[in-house]
Amino acid sequence: MAARAYWKGQIRLALVSIPVEIYTATKSGATIAFNQIHEPTGKRIRYEKVVEGVGPVDPDEIVKGYQIEKGNYVILTDEEIESAKLESKKTLELTQFVDADEIDVLYFEKPYYVVPADDLAEEAYIVLREALRRTKKVAIGQLALRGREYVVSLKPCGRGIVLETLRYADEVHKAQGYFRDIEDAQPDEELLDLAETLINKKSQPFDPAKFHDHYIDALKDIIERKSKGKTIHTEEDEAPEQKGMNVVDLMAALKKSIDKPGAANDEDSSKRRPAAKSSTTKKAPAKKAPARKPAAKAAPEKKRAGGRR
């Protein structure tokens with residue numbers, strides 16, 4: 001557990017109050033930090049806080065101000081900012097409960113661990129956790145963190161409870177603006193069947209430990225080689241021309257993907273759906289796919305005069 005709680009207060013459900021502490025559940029991953037360097041001298045560029053007509057200023061003379069019109073600011077002290085009266089600064093009031101799958105993934109922002117503040121709070125904490133688990137509900141409330149008030153959700157997580165900050169509705173772009181030009185059509189049944197077979201073949205439990213940042217590894221390698229005086233050869237990668245696949249090309253690619261040796265988690269053939277009869281009777285013939293196991297037969301291909309498009 002972290003040495004210092006991110007937030008301390010109480011969860012309130014009607015007349016029940018549960019003293020809790022909140023700890024951040026995530027940490028920043030590995031990064032490569034670059035400094036800005038003055039190339040002629042090789043020295044690092046520094047920044048100073050300056051006032052026009054005055055020059056560099058002492059950090060102790062800097063205060064917070066809000067611009068109400070150009071060049072006119074209202075100055076606020078830290079104490080005045082802290083005096084903003086918000087009950088959610090110390091109390092998380094659970095005002096609503098929703099189904100666990102009702103909140104769109106776009107609204108979730110950052111997770112925190114919620115733990116009981118002491119032994120006396122543990123009983124009520126466990127009751128809340130198990131009640132959420134049995135009802136398959138997520139608790140909703142509002143909480144003041146990091147100088148603003150967030151909508152938050154609470155849900156069970158093993159022996160504990162996880163709080164997640166949520167974005168407000170006006171912070172999420174409407175999907176229609178991005179997806180409206182995509183055709184609302186049903187795909188070819190045989191293509192869909194092949195895609196499902198490929199998904200099943202490569203399905204396995206998620207293990208985050210299997211993934212790491214290859215970009216960081218590549219940068220470290222470049223830095224190490226250049227620090228030893230080696231020349232770094234760079235190439236201007238030309239973006240490949242983006243072309244859509246026709247149905248025959250897509251079908252051939254899916255079949256080859258399924259038959260590719262070493263694919264993860266090959267599903268038992270008895271669980272696969274048989275390939276549906278192709279409805280693309282007027283498509284050009286696909287190249288013959290590699291030999292397959294009997295259980296995953298490809299639909300017979302039909303010929304058409306004129307060859308591949």
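1. A14 sits in the loop between β1 (7–13) and β2 (16–24). Helices here are DSSP runs of H or I with at least four residues, strands are runs of E with at least two, and both are numbered from the N terminus. The phi of A14 is near 55°, a positive value in a residue other than glycine. Most residues other than glycine have a negative phi. A14 counts as exposed, because its relative accessibility is 57%. The cut-offs are under 20% relative accessible area for buried, over 50% for exposed, and partly exposed in between, with a 1.4 Å probe and protein chains only.

2. This is a predicted model, in which local features need pLDDT of at least 70, side-chain atom pairs count only at pLDDT 80 or more, and totals for chains, interfaces and linings use all residues. Residues are numbered from 1 along each chain as its sequence is written, and side-chain values use heavy atoms, leaving out hydrogens and water.

3. On confidence: pLDDT is the predictor's confidence in each residue, from 0 to 100. The chain averages 80, and 79% of the residues score at least 70. Confidence is highest in β13, at 96, and lowest in helix α6 (residues 247–259), at a mean of 79. Over residues 266–309 the pLDDT is below 50. Beyond near neighbours in sequence, that stretch still has 73 contacts in the model. Contact means heavy atoms within 4.5 Å.

4. Overall make-up: the chain has 6 helices and 13 strands. Of its 309 residues, 22% count as buried. Among contacts in the chain with a separation of 6 or more, 65% join residues 24 or more positions apart.

5. The largest nonpolar core has 21 residues. Such a core is a set of buried Ala, Val, Leu, Ile, Met, Phe, Trp, Tyr and Cys residues joined through side-chain atoms within 4.5 Å. The residues with the most contacts inside this core are I11, L92, V114, L143, L154 and L163. Two or more core residues come from each of β1, β2, β9 (91–99), β10 (108–116), α2 (119–135), β11, β12 and β13 (160–166). The largest share, 4 residues, comes from α2. Leaving aside neighbours within four places in sequence, L143 is in contact with W7, I22, S88, L92, R148, E149, Y150, V152 and L163.

6. Helix α2 has 17 residues, which should span 24 Å at 1.5 Å a residue; its end C-alpha atoms are 25 Å apart, which agrees. The expected span is 1.5 Å times one less than the number of residues. The buried residues of α2 are A121, Y125, L128, R129 and L132. At the start of α2, a side-chain oxygen of D118 reaches to within 3.1 Å of the backbone nitrogen of L120. After α2 comes K136, with a positive phi near 55°.

7. Helix α4 (residues 189–201) also passes the length check: 13 residues should span 18 Å, and its end C-alpha atoms are 18 Å apart. Buried in α4 are E190, L191, D193, L194, T197, L198 and K201. Seen down the axis, the buried residues of α4 fall within an arc of 160°, so they line one face of the helix. The arc is that of the directions from the helix axis to the C-beta atoms. At the start of α4, a side-chain oxygen of D188 comes to within 3.0 Å of the backbone nitrogen of E190.

8. R146 lies in the loop between β11 (137–145) and β12 (148–157). Its phi is positive, near 50°. R146 is partly exposed, at a relative accessible area of 42%. Not counting residues up to four places away in sequence, R146 touches Y6, K110 and Y112. The side chains of R146 and Y6 make a polar contact (3.5 Å). That term covers a pair of N or O atoms within 3.5 Å; within protein, one must be able to donate a hydrogen and the other to accept it, and residues adjacent in sequence count only if both atoms are side-chain atoms. R146 and Y6 are 140 residues apart along the chain, with C-alpha atoms separated by 9.7 Å.

9. I45 is in the loop between β4 (43–44) and β5 (50–51). I45 is partly exposed, with a relative accessible area of 36%. I45 touches Q36, I37 and H38, not counting residues up to four places away in sequence. The C-alpha atoms of I45 and N35 are separated by 7.8 Å, at 10 residues apart along the chain.
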